[in-house]
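Here are my notes for your first look at this model. Please keep the structure open beside you and find each place as you read.

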Amino acid sequence: MIFVEFPTYSEPNGTLTVFEAGNVVPFEIRRAFSVTASKDSVRGKHSHIRCSQLVVCVAGSIRLSCFDGEISQETILDNGHVGVLIPPGTWATQEYLQDNSTIIVFCDRLYESEDYIRDFQEFLRVKAAKK
């Protein structure tokens, strides 16, 4: 997991967080989306072949689990000032720990259905074939 810390500017009336491509986000943002889910929901459960993603929890909290075929890593995201970069070839799962937790995901590619590996056994086969 690669953690990315975003610049924040706090004032008495609120906090501004900057997600700027090239400076902080380590790629040109081609797509962004948000997901809001209820407590105990599990989402993700897939890998990408070419797409890099940067996941930021902007409300509530999630447990992010990543597996690159050899090493499993897990972290809690509960602060919109820090995100995790998920490179291609990483199986990722998000468990929502509070109701109405929300993530924003920044991607370096547009949506391509053929870029997804949604079956864990297929993911393991692909990783084994690349060794």
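1. From the N terminus on, the elements of the chain run β-β-β-β-β-β-β-β-β-β-β-β-α. In other words, the chain holds 12 strands and one helix. Here helices (H or I, at least four residues) and strands (E, at least two) are DSSP runs, numbered from the N terminus. The radius of gyration is 15 Å, close to the 14 Å that the globule rule gives for 131 residues, so the chain is as compact as a globular protein of that length. That radius is taken over C-alpha atoms, and the globule rule is 2.2 Å times the number of residues to the power 0.38.

2. A word on what you are looking at: this is a predicted model, in which local features need pLDDT of at least 70, side-chain atom pairs count only at pLDDT 80 or more, and totals for chains, interfaces and linings use all residues. Residues are numbered from 1 along each chain as its sequence is written, and side-chain values use heavy atoms, with hydrogens and water left out.

3. Now the chain as a whole. Along the principal axes, its C-alpha atoms fill a box of roughly 55 × 35 × 25 Å. Of the 131 residues, 36% are buried; buried means under 20% relative accessible area, exposed over 50%, and partly exposed in between (1.4 Å probe, protein chains only). The accessible surface comes to about 7400 Å², and 47% of it belongs to carbon and sulfur atoms. These areas come from the Shrake-Rupley method with a 1.4 Å probe, and for residues only the protein chains shown count as cover.

4. Which strands make up the open sheet, and in what order? Five strands form it, in the order β8-β7-β10-β5-β12, with antiparallel pairing. At its edges are β8 (72–77) and β12 (116–117), each of which pairs on one side only. Strands pair if DSSP finds at least two bridges between them. Follow β5 and β10 (residues 91–96): they pair in the antiparallel sense over four bridges, and Arg-43 stands opposite Gln-94 in β10.

5. Two residues deserve a look at their backbone angles. Asp-40 is not a glycine, yet has a positive phi of about 75 degrees. You will find Asp-40 in the loop between β4 (31–37) and β5 (42–48), and at 57% relative accessibility Asp-40 counts as exposed. Lys-45, also not a glycine, has a positive phi of about 55 degrees. Lys-45 sits in strand β5 and is partly exposed at 45% relative accessibility.

6. Is Ser-52 buried or exposed? Ser-52 counts as buried, because its relative accessibility is 12%. This residue lies in the loop between β5 and β6 (53–59). Leaving aside neighbours within four places in sequence, Ser-52 is in contact (heavy atoms within 4.5 Å) with residues including Phe-27, Ile-86, Phe-106 and Cys-107. Across the chain, residues 24 or more positions apart account for 76% of the contacts with a separation of 6 or more.

7. Last, visit the helix. Gln-121 is found in α1 (residues 120–129) and is partly exposed, with a relative accessible area of 45%. From C-alpha to C-alpha, Gln-121 and Pro-26 are 30 Å apart in space, while 95 residues separate them in sequence.
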